[in-house]
Amino acid sequence: MIESTLQEKHVNHIPVMLSEVLEYLNLQKHGVYIDGTIGAGGHAKNILGSPSFSRKVIGLDRDAKALEICKNQFGASAHLLTTHRTSYHKFPEIMHELGISLVNGILLDLGLSSMQLNSNSRGFAFESNGILDMRFNKSSGQTASDLIRESTEEELANIIYNFGEERRSRKIAYNIKTMKKMTAVADLKEAIRRSTPPHKRKKSLARVFQALRIAVNSELDKLELFLNSFIDYLTINGRVVIISYHSIEDRMVKHAFRTLKNDQRLNQLTKKPLIPSKKEQEINSRSRSAKLRAAERII
Ligand SMILES: C[S@@+](CC[C@H](N)C(=O)[O-])C[C@H]1O[C@@H](n2cnc3c(N)ncnc32)[C@H](O)[C@@H]1O
C-alpha cells in the first residue's frame with residue numbers, strides 16, 4: 001500500500017526553477033553532469049534532453065526509494081544515466097569509480113522531495129501520521145526520535161533555535177523532553193501544541209520539523225564538505241547550480257562562491273540569488289522558499 005502511494009505521489013513532484021537550472025547549467029551536447037540530489041529525476045530528465053545528444057547524468061541520492069522511482073522515469077534515455085546511493089558530498093568517489101576526472105556541471109536541489117514530504121512512513125511532515133524518522137537514508141544513522149532521546153534539553157533547544165530560527169525553542173525543548181513518549185509525529189506535534197499559541201503554531205511546527213530534519217541528516221556539514229571541494233571537479237567554464245530552501249544554506253553557498261571568486265577561480269553568474277517567478281510560486285507552493293545561485297569555474 002505504501003509502495004503504491006509513493007509511486008503515485010512522485011508524479012506530483014514538480015522540479016523547482018527548471019528553466020533557470022537548464023539555462024545556468026549551459027548544457028553542452030555531449031556534456032557530463034552530476035545531479036547530486038536527483039530525487040524523482042525531474043531536473044535530470046530535462047538535463048539529459050533528447051537521447052540523440054548523448055549527454056550523461058550521474059545521479060546521486062541518499063534515499064533508496066527515491067532512486068528506485070527515479071530509475072523508472074528515464075525510458076529511452078536510461079542508458080545515459082547512472083544512479084548511486086550516496087551523499088552528494090561524496091561525488092568525487094563516484095567520479096573515480098566511473099573513471100571520470102571532470103564534469104561540465106553540477107546541480108544540487110537541496111531539501112525534500114514532494115514524495116518524501118507526502119509519505120506517512122518517513123515523518124518529515126507535521127501533517128503526516130507516521131513515526132518520527134526523518135532520515136534521508138533509512139538504513140543508517142539516528143532517527144529523529146533517537147536524536148531527541150539522546151540530546152539534552154539544552155542541545156535540543158539549540159537545534160531548534162539554530163536550524164529552525166524558532167524563538168520558542170526553550171519552551172518547545174522542555175515540553176519535548178517532558179513528554180512520556182516521543183516516537184511518533186503526533187507526539188512531537190503535541191509538545192509543540194503545548195508550547196505555542198494557536199495562531200503561531202503552524203509556523204512553529206514547520207520550523208521545528210525542519211530543524212530536526214537538518215540535524216538528523218547533518219545537512220549543513222554535507223553542504224560544507226561539498227562547497228570545499230566541488231570546484232576541482234568542474235571543467236573550465238563548468239557550471240555549478242545550487243537551489244537552497246533555508247537561509248543558512250543560502251548564506252553558506254554565497255560565502256563559498258565569494259571566497260572562490262576572490263581566489264579568481266570562479267565567476268558568479270547570479271549576483272543575488274534568483275527566486276521562482278510569482279507564477280511558479282502559485283503553481284508549486286514548495287518552491288516558495290527556493291533560492292538559486294549559479295557560478296562558473298574560470299581557472
Ligand atoms: C528537492 S529533492 C530533489 C528533487 C529533484 N531535483 C527532482 O526534480 O526530482 C531533494 C533530494 O535530495 C536528497 N538528498 C538530501 N540530502 C542529500 C545528500 N546529502 N546527498 C544526496 N541526496 C540528498 C533527498 O533524498 C531528495 O530526494
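# Helix packing and a ligand shell

Helix 8 and helix 11 are roughly perpendicular to each other, because the angle between their axes falls in the range from 65 to 115 degrees. The angle between these two helices is about 100°, and their axes lie 8 Å apart. The model is predicted: local features need pLDDT of at least 70 and side-chain atom pairs pLDDT 80 or more, while totals for chains, interfaces and linings use all residues. Residue numbers start from 1 along each chain, following the sequence as written.

**Helix 8 with helix 11**

- Helix 8 covers residues 153-164, and helix 11 covers residues 201-216. (Helices are DSSP runs of H or I with at least four residues, strands are E runs of at least two, and both are numbered from the N terminus.)
- From helix 8, the residues making the contact are I159, I160, F163 and G164. Helix 11 answers with R207, V208, Q210, A211, L212, I214 and A215. (Contact means C-beta atoms, placed from the backbone, within 7 Å.)
- Sorted by class, this contact holds 8 nonpolar, 2 polar and 1 charged residues. (Nonpolar covers Ala, Val, Leu, Ile, Met, Phe, Trp, Tyr, Cys and Pro; charged covers Asp, Glu, Lys and Arg; the others, with Gly among them, are polar.)

- A211 sits in helix 11, and it is buried because 23 C-beta neighbours lie inside 10 Å. (Buried means 20 or more other C-beta atoms within 10 Å, exposed means 12 or fewer, and partly exposed is in between.)
- Leaving out neighbours within four places in sequence, A211 is in contact with I159, I160, F163, G164 and E166.
- Setting aside residues up to four places away in sequence, F209 touches A125 and F126.
- Between F209 and K177 there are 16 Å in space, C-alpha to C-alpha, and the two are 32 residues apart in sequence.

**Helix 9 with helix 10**

- Helix 9 (residues 169-178) packs against helix 10 (residues 185-195) at an angle of about 135°, with 8 Å between their axes. (Axes are lines fitted to C-alpha atoms over the stretch in contact, and angles run from 0 to 180 degrees between N-to-C directions.)
- That angle makes helix 9 oblique to helix 10. (Oblique is what remains once angles under 35 degrees are called roughly parallel, over 145 roughly antiparallel, and 65 to 115 roughly perpendicular.)
- The residues in this contact are K171, I172, N175 and I176 on helix 9, with L188, A191, I192, R194 and S195 on helix 10.
- By class, there are 5 nonpolar, 2 polar and 2 charged residues where helix 9 meets helix 10.

**Helix 12 with helix 13**

- Helix 12 (residues 219-229) and helix 13 (residues 247-262) have axes 10 Å apart and an angle of about 15° between them.
- With that angle, helix 12 runs roughly parallel to helix 13.
- Helix 12 brings L220, L223, E224 and L227 to the meeting, and helix 13 brings I248, E249, M252, V253 and A256.
- The contact of helix 12 with helix 13 divides into 7 nonpolar, no polar and 2 charged residues.
- E224 is a residue of helix 12, and it counts as partly exposed because 14 other C-beta atoms lie within 10 Å.
- E224 is 52 residues from I172 in sequence and 28 Å from it in space, C-alpha to C-alpha.

**Around the ligand**

- The ligand is surrounded by 22 residues, and the closest are P15, T37, G39, G42 and D109. (Near here means a C-beta atom, placed from the backbone, within 6 Å.)
- Helix 3 (42-48) supplies at least two residues of this shell, and so does strand 2 (56-61).
- The shell is made up of 7 nonpolar, 10 polar and 5 charged residues.

**Two positive phi angles**

- M134 has a phi near 70°, a positive value in a residue other than glycine.
- You can find M134 in the loop between helix 6 (114-118) and helix 7 (144-150). With 27 C-beta neighbours inside 10 Å, M134 is buried.
- N237 is not a glycine either, yet its phi is positive at about 75°.
- N237 lies in strand 5 (residues 234-244). It is partly exposed, with 13 other C-beta atoms within 10 Å.

Definitions and conventions:
Contact = placed C-beta atoms within 7 Å.
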